[in-house]
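This report is an introduction for a reader who is meeting the structure for the first time. Please keep the sequence and the 3D view at hand while reading.

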Amino acid sequence: MTQKQQDSRERREREEHREHHDGARGWSAARGGVWSRLRFTSLRLRLVVVFGLVALTAAVSASGIAYWLNREAVLTRAQDAVLGDFEQEMQNRAGALPERPTQEELQYTADQMANSSQRFSVLLIAEDPQGRTVYGGSGGLSGFSLQDVPVSLREAVNERQKITSTNKYAYHLYWQRIVDGDTPYLVAGTRTIGGGPTGYLLKSLEPEAKDLNSLAWSLGIATGLALIGSALLAQALATTVLKPVQRLGTAARRLGEGKLDTRLQVSGTDELADLSRTFNKAAEALEKRVADMAARDEASRRFVADMSHELRTPLTAITAVTEVLEEELEFEGGGIDPMIEPAVRLVVSETRRLNDLVENLMEVTRFDAGTARLVLDDVDIADQITACIDARAWLDAVELDAERGIHARIDPRRLDVILANLIGNALKHGGSPVRVSVREENAAEDVHGSGSDRAGGAGAVTDDAAGGGTEPGTGAEDGGGGTVIIEVRDQGPGIPEDVLPHVFDRFYKASASRPRSEGSGLGLSIALENAHAHGGEITAANVPGGGAVFTLRLPRDVSALTEEDAEGDARERGGRPRRENAGGDAR
Amino acid sequence: MGQNETVPSLLLIEDDDAIRTALELSLTRQGHRVATAASGEDGLKLLREQRPDLIVLDVMLPGIDGFEVCRRIRRTDQLPIILLTARNDDIDVVVGLESGADDYVVKPVQGRVLDARIRAVLRRGERESSDSASFGSLVIDRSAMTVTKNGEDLQLTPTELRLLLELSRRPGQALSRQQLLRLVWEHDYLGDSRLVDACVQRLRAKVEDVPSSPTLIRTVRGVGYRLDPPQ
């Protein structure tokens, strides 16, 4: 597999990975939204259902009991009146009949009985003098007949019971409620004590049934109203409960987004208010903790910054004098004692090392403090690399595979720092020749990578808007979108797998036993920070054929990144007239 | 200035004794005549007495700071100033360039670098045998090294003058900031383009009719600057 194929495969994988990642995030976010809404409605739903069930149970049992009691009361009253009348009539009229009455007598009595105040039908049964069973019914033969009387009732009526001290009569009055068609009826029957006709009555309970029906209807409506009322109540309650819950959710989300000053307004004394109070306390504690940590972090950073700063002053003096010593050394036949010459050389070289270290420390503290700013310029990448290699006398050790004409709008000094560190590192660990290749990628998609979140939305690049806005853009600024990819590849043994994740760590040494290196241990970390400042990225990998490759990706135009900086700068310095003149050139 | 046949005289204003001594030693060995002052006030007094060719000025000074010293010098004088800044924090550099400095070096500075910068700044004032050119009301006399606008002499620092000369040598042609850095500041590569921007602004303030809408020194977006002959 060639280098190029390898690269494109890796890139594809990366892109796929990113797509996949984004997709997953989108999906889970969408799912989260639906899910939370579902959950909220489900809590609402649960409340409504529970309220409805409670209301239903209460209403149904209350109406049931009321209906039942009413029904019994109504029916018993009607029935008692009818039965009382019937009994009275049976005694007064049927009892007055001879033991074996004729059909006519029976019929006449039945009619008379039926004409009482209660308007019931009567059926009298007796044996006539000839021993035949005769029937006398009110309303004629088409009316009430023995078929209408249930057999069980007939049997009960005709059953002769023993006369005891508690039971004075041989025959009793029995009744039963039947339903014929849709109409409820009361059927009752009894025998005349001491012989005589057996009488049955049939009384329609329709009026009572109608009353009870309307009662049932009104109870049903009441139950329905109770259900609706409970649902509304549940809704209201759900809202009063869910609003604070929602507010709490929003507040928690804000807190999660890092707005640590988020607080809830606490009103009332209920559990939700308690929860809000707890939330506020937690947020306060968190804020304090974060502030403490930030303060401690800040203090330690300031210490490093101050320290490296303080180191600078003596170093400046030492450096200036060291050069004098150096010149003495270089001067043939100079006045330096050969005995102390190694000492002088050591002082000179170590001073340079110390200089580099302090320089790098300062650079790191600038990144940590966020004061590192880009000074952008339009540069030819190939020229920059050549200049970087040339300035460090690496021309023989580096193979450059780059065509002129790849322009980018970047900070040349920072690019030089990145290149010097990457190439220097490759030379130190991989040995020459180091291969540096440049290519561009004109991707239409957002290639700012990690920089996009730093830029906070790429505003219009208003470069030179005031200063030279009247002129057409004659410059061949082919920057725009796209990425410049610079690869630094060495011929060494590559980077051990366990070291690979740490190559950009500060002061990381591959092994404790490794001989002291010339570097400060900050070089790659600074290179990475510089790439990040551009919204770019550096990745380290091993090439299958052997050797390590560091890939630097830089967006071709990082002006958008510095817009914010420039604005902040302007605010900070109170917008001097310079800015109007300058039109924000390069800054 | 420009008496190059004699040894150039420098004024070093630096409050730290060790740095002052060391730089004095180093610069003297490079062949400069060095006078030193430990504070801005002393420096300004020495400046009036000795008339040095160039000032090396520390930014962090007790009393009036380097920027203020720079501003006060610029009110009356156009002699070159190199700032010695302890940090290359951007605010420092930008404020320094705005207050009129010609160049800056960051501590800990190597004597050789400082020497190279000093020599480059001093060379800017050198006369060249050449003609004169006029751009509207602006007349650049290359042999006398003077610039007049509407007949009035303009007070330009050597750096501003050199920048104007380089631009006027190629009228209508855009020069990139890096090119200008090489031509004017003699920075090998990796020059700080803010030097160019700051100097262009100062120059515009002096030569343009309306500095906020320049007609002479135009910005060429994505490239650099260009001197336009008036239409």
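## Two helices of chain A

In this predicted model, helix H7 (residues 381-391) of chain A packs with H8(A) at an angle of about 55°, and the axes of the two helices are 10 Å apart. That angle makes H7(A) oblique to H8(A), and the crossing in which H7(A) passes H8(A) is right-handed.

On the side of H7(A), the contact is made by A:Gln384, A:Ile385, A:Cys388 and A:Ile389, while H8(A) contributes A:Pro412, A:Leu415, A:Asp416, A:Leu419, A:Ala420 and A:Ile423. Sorted by class, the residues of the contact of H7(A) with H8(A) comprise eight nonpolar, one polar and one charged.

## The enclosed helix H10 of chain A

How many of the residues of helix H10 (residues 523-533) of chain A are buried? The count is 10 of the 11, so H10(A) is largely enclosed by the rest of the structure. The buried residues of H10(A) are A:Gly523, A:Leu524, A:Ser525, A:Ile526, A:Ala527, A:Leu528, A:Glu529, A:Asn530, A:Ala531 and A:Ala533.

Just after H10(A), the backbone at A:Gly535 takes a positive phi of about 75°.

## Chain B in outline

Turning to chain B, its secondary structure comes to eight helices and 12 strands. Of the 231 residues of chain B, 51% count as buried. When contacts in chain B between residues at least 6 apart in sequence are considered, 57% of them join residues at least 24 apart.

## The parallel sheet of chain B

Chain B contains an open sheet of five strands, which has the order S2-S1-S3-S4-S5 and parallel pairing. Strand S2 (33-37) and strand S5 (103-106) of chain B are the edge strands, each of them pairing on one side only. From one strand to the next, the twist averages 20°.

Strand S4 (residues 81-85) of chain B pairs with S5(B) in the parallel sense over four bridges, and B:Tyr104 in S5(B) is the bridge partner of B:Leu83. Helix H2 (residues 40-50) of chain B packs on the sheet, where H2(B) touches strand S1 (9-13) and S2 of chain B, and the direction of this helix makes about 165° with that of S1(B). Helix H3 (residues 66-76) of chain B also packs on the sheet, touching S1, strand S3 (54-58) and S4 of chain B, with a direction that makes about 155° with that of S3(B).

## A helix pair of chain B

Helix H6 (residues 158-169) and helix H7 (residues 177-185) of chain B have axes that come within 9 Å and cross at roughly 120°. H6(B) and H7(B) are therefore oblique to each other, and their crossing is right-handed.

Which residues make this contact of H6(B) and H7(B)? From H6(B) come B:Thr159, B:Arg162, B:Leu163 and B:Glu166, and from H7(B) come B:Leu180, B:Leu183 and B:Val184. By class, the contact of H6(B) with H7(B) has four nonpolar residues, one polar residue and two charged residues.

Methods:
Residues are numbered from 1 along each chain as its sequence is written. Chains are lettered from A and ligands numbered from 1 in the order in which they are written. This is a predicted model: local features need pLDDT of at least 70, side-chain atom pairs count only at pLDDT 80 or more; totals for chains, interfaces and linings use all residues. A residue is buried if 20 or more other C-beta atoms lie within 10 Å of its own, exposed if 12 or fewer, and partly exposed in between; C-beta atoms are placed from the backbone. Axes are lines fitted to C-alpha atoms, for helices over the stretch in contact, and angles run from 0 to 180 degrees between N-to-C directions. Angles under 35 degrees count as roughly parallel, over 145 as roughly antiparallel, 65 to 115 as roughly perpendicular and the rest as oblique. A crossing is left-handed if the near helix is turned anticlockwise from the far one by less than a right angle, and right-handed if clockwise. Two residues are in contact if their C-beta atoms, placed from the backbone, lie within 7 Å. Ala, Val, Leu, Ile, Met, Phe, Trp, Tyr, Cys and Pro count as nonpolar, Asp, Glu, Lys and Arg as charged, and the others, Gly among them, as polar. Two strands pair if DSSP finds at least two bridges between them.
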